[in-house]
Amino acid sequence: MQPVFTGKSVLIYLLGLAGILAGGYVGVRTLSSDGPSASLATLQQLELPDVDKQLRHGREWLGKVVIVNHWATWCAPCREEIPMLIDYQHQMRDKGIQVVGIAHDLLEATRIFGDETGMDYPSLLAIVGAKELLASHGNRQSGALPFTAIFDREGRLARARLGKISREELQALVAPLL
């Protein structure tokens, strides 16, 4: 049976997609507003929609060490490291650490994967300007994933790591910032 799309369902879908794209545009525009000399972002510049279509601001996590994990549902190494990040968030929350995921993917795929894995840390979406966002977080490898950027308590980019990260590697990168 063919799916039936009513005018109302198409409108709701298009409005949701427009909201996500606008949020992604705001995030990228904000990151690049300081001009070409500002090649690396600060946490305060991060503005992206989450999986609930709410615009989130990096400044809400100031005062914490923030682990920003760039990932996608189609990226096998990304999918493999997320359970470790969920566990790490649970164990390190009281030490002032916050994990934030940035999915380079579609909203519904991101939401379904997050629900299936029990991802309970903020999950943002980078749809427009994803390569520029990655570059501003220190990834110069044409958008390669997974990629982890670690911001200090003042919101400055302190560490970055391309590729699947182990718990031991993550701990070694975070420890000097605690």
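Contact, on this tour, means heavy atoms within 4.5 Å. What you have loaded is a predicted model, where local features need pLDDT of at least 70 and side-chain atom pairs count only at pLDDT 80 or more, while totals for chains, interfaces and linings use all residues. Residues are numbered from 1 along each chain as its sequence is written, and side-chain values use heavy atoms, with hydrogens and water left out.

**Stop one: the sheet.** Strands (E, at least two residues) and helices (H or I, at least four) are DSSP runs, numbered from the N terminus. Show the strands and you'll find an open sheet of five, in the order β5-β4-β3-β6-β7, with mixed pairing; strands pair if DSSP finds at least two bridges between them. β5 and β7 (157-162) stand at the edges with a single partner strand each, so one side of each has no neighbour in the sheet. Now pick β3 and β4: they pair in the parallel sense over seven bridges.

**Stop two: Asn-69.** Select Asn-69, which sits in strand β3, opposite Gly-101 in β4. Is Asn-69 buried or exposed? Its relative accessibility is 0%, so Asn-69 counts as buried (buried is under 20% relative accessible area, exposed over 50%, partly exposed in between, with a 1.4 Å probe and protein chains only). Leaving aside neighbours within four places in sequence, Asn-69 has contacts that include Ile-82, Leu-85, Ile-102 and Phe-147. Glu-81 is worth a click too: a polar contact of 2.9 Å joins its side chain to that of Asn-69. (A polar contact is a pair of N or O atoms within 3.5 Å; within protein, one must be able to donate a hydrogen and the other to accept it, and residues adjacent in sequence count only if both atoms are side-chain atoms.)

**Stop three: the disulfide.** There is one disulfide in the structure, meaning a pair of cysteine sulfur atoms within 2.5 Å. Zoom in on Cys-75 and Cys-78, whose sulfur atoms are 2.3 Å apart. With 75° about the S-S bond, this link is right-handed.
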